[in-house]
Number of protein chains: 2
Amino acid sequence: MLIIGERINSTRKGIREMIAARDAGAILNEAVSQARAGAQFIDVNCAVTSGEELRDIEWVIGVIQNGMPGVSICIDSPDHLAIERALSAYKGTGSVIINSITAEESRCSKILPLASKYGAKLIALTMGESGMPDTAVERAAIAKTILGRVKAAGFPEEALYFDPLVRPVSTEPGQAKEFLDSIPLIRAIGNVKTICGLSNISFGLPNRSLINASFLAMAIERGLDAAIVDPLDSRLMSSLSASRALLGLDEYCGDYIRAFREGRLGNKPIEIG
Amino acid sequence: MLIIGERINSTRKGIREMIAARDAGAILNEAVSQARAGAQFIDVNCAVTSGEELRDIEWVIGVIQNGMPGVSICIDSPDHLAIERALSAYKGTGSVIINSITAEESRCSKILPLASKYGAKLIALTMGESGMPDTAVERAAIAKTILGRVKAAGFPEEALYFDPLVRPVSTEPGQAKEFLDSIPLIRAIGNVKTICGLSNISFGLPNRSLINASFLAMAIERGLDAAIVDPLDSRLMSSLSASRALLGLDEYCGDYIRAFREGRLGNKPIEIG
């Protein structure tokens, strides 16, 4: 299970302020604390900064990789120029994921060559030319279209992560089930992986981390390969730990027991003396 | 989702002591508190009491139904004579479930007539003549054998709950997945339901309620109809509430939001004033 830390996102006011103030220490701290909490990739989104996305994302990538040379990055932008700038700024020894392409022809044709050139992995949203899919079957059909396009461009399918797009259960009660059912359908179309941005599921509800944690357990059980989450949410990370133990993804529950001893499952650390 | 409260079980020392002391107030309190926490059925197990199971279960059933005339009961015993005694003692206006039959011919032939005579529902463990099944497919095959026997006896299949038998992940890492995969397979054999005693999954691990809560989310997602649990475990019941909201089993998340307002999701109650 791959965990991408979502906190360095310019939709958050605190992050916008750190970027505007060029507060390198605060940005690096956001990256380090996410990595310590279990994130293998750090998502960087500067799309909502004040008209200077290209310069901002270049600066953020620089700050993070200076402090953490082995860091792996998820580049998250609607603008292919910002993606290109971030890719060329990245000098780390880790991996890069680009977030994201869709079935839209023009977006594919701009981003696929970049992904190939820089050896980046790719997140593909199952969003069609005509908008958001409702059913699991529609999501898998869009994924198949995208897979065809990606393979035609010579991009390796094993580096492709499909995001079937989570929608809030508070307003669309059937959508969680459609999302979950889409995971095995999408995994069956090829040697591809699945990913999601989790927290949208609980939009509009109280106690969101409880909903997110339960949904993560369900999604891992259905085969989800990766998730974009807040790794500082200890309820969510506890659910991840328990789910891995339950599904045989954590041999002899070793990681789970270690997390318990270190007090990372909502409990106090165990003193061994 | 049907919830059966498991607390009045003579494997627990405190319960054995209440029964031995004929402490009606304490036993009734165990039943009332479980019903208040969301249990629709109260499980009664007196099998480990000191050689007096028949008299003990009769007394416990009497105490509970005197205090709660509408109570529904789950009669849990390996001894068909204790089951018969409990059935005849039950005068409540609720329902009764018998826990349990297996594929064993002799047990079926003793308990099926009792279930029919008293109009009770039935839990059937997917345990074959030759022991515990390992795979999801084996569990479904045993369920099919039992279903055939049950239908031949004229018992209505819709009153049948199959328990695919949870085994501890700490010692058998692949068993949670086999259990979960068996739920849709068993539900496909007829108009039957699925149930499980949940807590065995976390045997031998720390922070058991976290494992149980994550497993419940997964099992509900796969279609589990009923669970035998400790309804006073607030983490478990929070997971149930979130899972129902996620899967469209709680219209407009009304129960979830009410549970939040009443402080039943691990939060403080919300004062409306």
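Student: How many residues of strand 5 of chain A are buried?
Tutor: Four of the five residues in strand 5 (residues 121–125) of chain A are buried. Buried means under 20% relative accessible area, exposed means over 50%, and partly exposed lies in between, with a 1.4 Å probe and protein chains only. Strands (E, at least two residues) and helices (H or I, at least four) are DSSP runs numbered from the N terminus.

Student: What should I know about the model itself?
Tutor: This is a predicted model, in which local features need pLDDT of at least 70 and side-chain atom pairs count only at pLDDT 80 or more, while totals for chains, interfaces and linings use all residues. Residues are numbered from 1 along each chain as its sequence is written, chains are lettered from A and ligands numbered from 1 in the order in which they are written, and side-chain values use heavy atoms, leaving out hydrogens and water.

Student: Back to strand 5 of chain A: in which sense does it pair with strand 4?
Tutor: Strand 4 (residues 96–101) of chain A pairs with strand 5 of chain A in the parallel sense, over four bridges. Two strands pair if DSSP finds at least two bridges between them. Within this pair, N99(A) stands opposite I123(A).

Student: And what stands opposite I123(A) in strand 6 of chain A?
Tutor: That residue is Y161(A). Strand 5 of chain A and strand 6 (residues 160–163) of chain A are parallel and share four bridges.

Student: What do the strands of chain A form together?
Tutor: Eight strands of chain A close into a barrel in the order 1-2-3-4-5-6-7-8, with parallel pairing. Neighbouring strands of this sheet are turned by 25 degrees against each other on average, direction ignored. Such angles run from 0 to 180 degrees between N-to-C directions, and axes are lines fitted to C-alpha atoms, for helices over the stretch in contact.

Student: Which strands does helix 3 of chain A touch?
Tutor: Helix 3 of chain A packs on the sheet and touches strand 2 (41–44) and strand 3 (73–76) of chain A. Its direction makes about 155 degrees with that of strand 2 of chain A. Contact means heavy atoms within 4.5 Å.

Student: How do helix 3 and helix 4 of chain A pack?
Tutor: Helix 3 (residues 53–67) of chain A and helix 4 (residues 80–89) of chain A pack at an angle of about 25 degrees, with axes 9 Å apart. They are therefore roughly parallel. Angles under 35 degrees count as roughly parallel, over 145 as roughly antiparallel, 65 to 115 as roughly perpendicular, and the rest as oblique. Among the contact residues are I57(A) and I61(A) of helix 3 of chain A and L81(A) and R85(A) of helix 4 of chain A.

Student: Switching to chain B, at what angle do helix 6 and helix 7 cross?
Tutor: Helix 6 (residues 136–152) of chain B and helix 7 (residues 175–187) of chain B cross at roughly 40 degrees, and their axes come within 7 Å. These two helices of chain B are therefore oblique to each other. The contact includes A140(B) of helix 6 of chain B and F179(B) of helix 7 of chain B.

Student: Last topic: how many disulfides are there over all chains?
Tutor: The count is zero, where a disulfide is a pair of cysteine sulfur atoms within 2.5 Å. For C74(A), the nearest cysteine sulfur is that of C46(A), 12 Å away.

Student: Is C74(A) buried or exposed?
Tutor: C74(A) is buried, with a relative accessible area of 0%.
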